[in-house]
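This report examines selected contacts in the structure shown below.

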Amino acid sequence: MATTTEQATRTASTRTTPITPSFFKAMFAVVQKDLAAELRSRELLSAMLVFSMLVILIFNFALELEPDIRRKVTAGVLWATFAFAGTLGLNRSMAIEKDRGCMDGLLLAPVDRAAIYFGKVISNLAFMLIVEAIVLPMYGVLYGVNLFQPGLLGVILLGSIGYSSVGTLISTMTVQTRTRDVLLPILLFPIIIPVLLASVKASGGILSGAEFSEILTPLNLLIVYDVIFIAIAFMVFDFVVEE
Amino acid sequence: MITVKKLVKRFGLKAVLRGVDFEVQPGEFVALLGPNGAGKTTFLRILSSLSRPSMGAVNIAGYQLPHQAAQVRARLGVVSHLPLLYGELTAEENLRFYARMYNVPNYELRITEVLEMVGLENRRRDLVRTFSRGMQQRLAIGRAVIHDPDVMLFDEPYTGLDQDASSMLDDVLRSVAAEGRTVVMTSHDLARAEDLATRFDILSRGVIAASSLRSGLKKTNLLDFYKKALAD
C-alpha cells in the first residue's frame with residue numbers, strides 16, 4: 001500500500017492542475033464536433049431535406065390553389081414544413097449523443113453545462129438553416145413566389161432560433177425515453193406554438209407587402225419569445241440532464 | 001483520494017444505496033464487486049457526478065460533490081461499458097474533441113501518446129464505427145485518460161469483450177494503474193479483479209458488506225471471500 005501511495009504521490013506531483021475550458025471554447029468544440037460528424041454521415045441533413053421536399057410537393061398537389069391564394073398560404077406551408085422537418089433533425093441530433101453514451105461523455109467534461117446546451121442549439125440551428133436555404137428556392141419555383149426577401153429571411157432566422165432553443169431542450173428530455181420519436185413532437189409543438197404563430201404572421205405580412213408597422217407586433221413577439229425561451233432553457237438545462 | 005460517508009441514493013421509494021462508507025487512498029486499485037442490482041453502477045455514477053446523492057457526503061481529490069462537480073470532473077476519467085465515442089468521427093477526432101472539452105494543453109502531442117498507449121496509433125484516422133468492440137473499449141480508455149486524471153472509474157469495462165480483447169484491456173488497465181492513478185473498477189469477473197486490484201470491496205444490498213486488501217486474502221481466495229460476504 002505504501003508503495004502505491006508513494007508512487008501515486010510521485011506521479012501526481014508531475015501532473016498539472018487542470019484548468020477548465022472557457023464557456024466559448026467548450027461551446028465551439030461541441031458545434032465543430034456536430035458539424036464534422038454530420039458532414040461525414042449526412043444522415044440528419046438528408047432526412048430533413050427529403051422530408052421537407054416531400055411535404056412541399058404534397059402541399060403543392062393537394063391544395064392546387066390559384067396563384068393568388070397560393071401566395072397567401074405560403075407562410076403557413078413554409079413554417080409547417082420547417083416545424084415537421086425540424087423534429088426529425090432534433091431527434092437525430094440527440095439520438096447520436098444517446099446511442100453510444102456520448103451524452104454522459106459530454107456531461108463528464110468539466111465545463112459549464114450551458115456551454116453544451118448552446119453548442120447543441122447552434123448545431124441544430126445550423127442544420128435547420130441549411131435545409132431552409134435549400135427548401136426556399138425549391139418552394140419559390142413550385143409556388144411561383146419570390147422568397148428571397150431580406151425581411152422574410154430575418155423572420156426565418158428568428159423563428160429558427162426560437163425553434164432550435166426550445167427543441168434542443170425538449171429533445172434532451174425525450175431522448176432519454178423509449179418513445180422519443182413520438183414524444184418529441186407531442187411535447188414540442190404545444191410549447192412552440194407562440195413562436196410558430198408569430199413567425200407565420202410576420203412572414204405572411206412580409207410576403208403580402210404589408211407596412212412595417214403591421215408586422216411589428218408579431219416581430220416583437222417573436223423576439224420576446226426567443227429571449228424568454230432561451231433564458232428558460234439556459235436555466236433548466238442542468239436539471240434536465242441530471243438523473 | 002476518495003471519501004464517501006453514509007451515502008444514500010433513492011429512486012422514488014426504493015433505496016439503492018443505504019448508507020455506503022467508502023474510502024480509497026491515492027494509488028489504490030479497488031475492485032468493487034457485487035451481484036446484479038447491488039448498486040455498483042449507481043455508486044459509480046454518483047462518484048462521477050452524473051447522479052446526485054439523496055443523502056451523505058462524497059469527497060474526491062479534496063472537492064465535495066455535488067457542489068464542486070466541475071473540479072471533480074476535471075480530475076476524473078470514466079470508462080463504462082458504453083464507449084462514449086462518436087462513430088462518425090475518427091479515433092483522433094474523438095480524442096481531439098474530448099481534449100478540447102478538458103482544455104488539455106498541447107493536445108496533438110497528448111493524442112499521439114494516448115493512441116500509442118492503447119495500441120491504436122495505426123488506426124488513428126479510421127472511423128470509430130469501423131472498430132471492433134475491443135478496440136472501441138481501448139479507445140474509450142484513451143478518451144478517459146486524455147486529460148491525465150488522478151482518479152479513474154471503470155464500470156464493467158469487460159462487458160462484451162472476447163478473450164483476446166479482455167487480455168489487451170488487462171494490459172491497458174495495468175499501464176493506467178502503473179502511472180499511479182487511483183482506480184475504482186466494478187466487475188463481475190472475479191479472476192480479472194483478483195489479478196488487477198490491490199483491494200476488494202463487496203457491495204451488497206446497498207452497503208459495503210466486506211472489504212479486504214489483496215494481502216489479506218492469502219489464506220482464502222477471492223471467490224470464497226465474495227461468497228462469504230454475500231452470505232453474511
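Which residues does Ile215(A) touch, not counting residues up to four places away in sequence? The model discussed here is a predicted one, and the answer is given under the next heading.

## Packing within chain A

Ile215(A) touches Ala202(A), Gly205(A) and Ile206(A) when residues up to four places away in sequence are not counted. Ile215(A) belongs to helix α9 (residues 212-241) of chain A and, at 8% relative accessibility, counts as buried, because the limit for that class is under 20%. The C-alpha atoms of Ile215(A) and Ala202(A) are separated by 5.3 Å, although the two residues stand 13 residues apart along the chain.

Ser165(A) is located in helix α7 (residues 150-174) of chain A. With neighbours within four places in sequence left aside, the residues in contact with Ser165(A) are Tyr117(A), Val121(A), Phe229(A), Ile230(A) and Ala233(A).

## Interface of chains A and B

Between them, chain B and chain A bury about 3,900 Å², of which 56% is on carbon and sulfur atoms. On the chain B side, Tyr86(B), Arg100(B) and Met101(B) lose the most area to chain A, together accounting for 19% of what that side buries. The contact involves 43 residues from chain A and 44 residues from chain B.

Across this interface there are 10 residue pairs in polar contact and 2 salt bridges. Arg40(A) forms a salt bridge with Glu93(B), where the closest N and O atoms are 2.6 Å apart. In chain B, α2 (69-74) and α3 (91-101) each supply at least two residues of the side that touches chain A; α3(B) gives the most, with 5 residues. By residue class, that side of chain B divides into 21 nonpolar, 10 polar and 13 charged residues.

## Aromatic pairs

Over all chains, the structure contains 11 aromatic pairs. For Phe84(A) and Phe189(A), the ring centres are 5.7 Å apart and the planes lie at 80 degrees, so the pair is edge-to-face. This pair links distant parts of the chain, with Phe84(A) in helix α4 (residues 67-99) and Phe189(A) in helix α8 (residues 180-207) of chain A, 105 residues apart. Phe84(A) is partly exposed, at 38% relative accessibility.

One aromatic cluster in chain A is formed by Phe23(A), Phe24(A), Tyr117(A), Phe118(A), Phe234(A) and Phe237(A). Of these, Tyr117(A) is also among the residues in contact with Ser165(A).

## Salt bridges

The total over all chains is 25 salt bridges. In chain A, Glu43(A) forms a salt bridge with Arg92(A), with the closest N and O atoms 2.5 Å apart. The pair joins helix α3 (residues 43-63), which holds Glu43(A), to helix α4, which holds Arg92(A), across 49 residues. Glu43(A) is partly exposed at 35% relative accessible area, and Arg92(A) is likewise partly exposed at 30%.

In chain B, Arg181(B) forms a salt bridge with Asp148(B), the closest N and O atoms being 2.9 Å apart. Arg181(B) lies in the loop between α6 (163-178) and β8 (182-187), and Asp148(B) in the loop between α5 (133-145) and β7 (151-155), 33 residues apart. Arg181(B) is buried at 1% relative accessible area, whereas Asp148(B) is partly exposed at 29%. Elsewhere in chain B, a network of salt bridges links Glu92(B), Arg96(B), Glu108(B), Glu121(B), Arg124(B) and Arg125(B).

Note on methods
Residues numbered from 1 in each chain as written. Chains lettered and ligands numbered in written order. Predicted model: local features only at pLDDT ≥ 70, side-chain atom pairs only at ≥ 80, totals over all residues. Heavy atoms only, no water. Contact = heavy atoms within 4.5 Å. Buried area = accessible area lost by both parts, 1.4 Å probe. Salt bridge = Lys/Arg side-chain N within 4 Å of Asp/Glu carboxyl O. Polar contact = N/O pair within 3.5 Å; in protein donor to acceptor, adjacent residues only side chain to side chain. Helix = DSSP H or I, 4+ residues; strand = E, 2+ residues; numbered from the N terminus. Nonpolar A, V, L, I, M, F, W, Y, C, P; charged D, E, K, R; others polar. Phe/Tyr/Trp six-rings, centres within 6.5 Å; stacked < 30°, edge-to-face > 60°. Buried < 20%, exposed > 50% of the residue type's maximum accessible area, 1.4 Å probe, protein only.
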